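Dear colleague,

I am handing over the structure below, and my notes on what was found in it follow directly after.

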Amino acid sequence: MSEGIDAVRRICEGWNEMTLEEWRSICTPDVAYQNMPWDRTTITGPDAIHQTLEGFSGNWNVQMEIRQLDGTANVAFAERVEHFSPKSAGSEAAAKEPFDLPVTGVFEITDEGKISAWRDYFDRRAMKS
């Protein structure tokens, strides 16, 4: 379980800083990611997840705070707070206000300690637009 929890911790502490190679090393090739409050579209594969999340970190400084992280050999739950603040002037987010986003993530872990599925749950109203 340690490898799987380590992979979950890495995502929850720094998805905004992870390289594509890091995503590939801790996820299965067919990892499925769902941001549940949105349209529940499944994003498949570490490359697609990296590209999707890179859009958030392009305009926002994001700091992560893990409140609880626990699990079994094949499932982990992570309660965290993502602190968003706009990047410098000229970015799309510059005119927006900082906000904190409480998130709970559910991660499915393979026997090899890799993430095979990841679902995030949060209240969309907490996000500033």
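This is a predicted model: local features need pLDDT of at least 70, side-chain atom pairs count only at pLDDT 80 or more; totals for chains, interfaces and linings use all residues.

Glu82 is buried, with a relative accessibility of 5% (buried means under 20% relative accessible area, exposed over 50%, and partly exposed in between, with a 1.4 Å probe and protein chains only). Arg80, at 1% relative accessibility, is likewise buried, and it forms a salt bridge with Glu82 in which the closest N and O atoms are 2.9 Å apart (a salt bridge is a side-chain nitrogen of Lys or Arg within 4 Å of a carboxyl oxygen of Asp or Glu).

Residues are numbered from 1 along each chain as its sequence is written, and side-chain values use heavy atoms, with hydrogens and water left out.

The structure holds 7 salt bridges. Another of them pairs Glu22 with Arg10, the closest N and O atoms being 3.0 Å apart, and this pair links distant parts of the chain, with Glu22 in helix 2 (residues 20-26) and Arg10 in helix 1, 12 residues apart (helices, H or I of at least four residues, and strands, E of at least two, are DSSP runs numbered from the N terminus). Glu22 is partly exposed at 25% relative accessibility, as is Arg10 at 27%.

In the chain, which has 3 helices and 6 strands, buried residues make up 43% of the 129 residues.

Best regards
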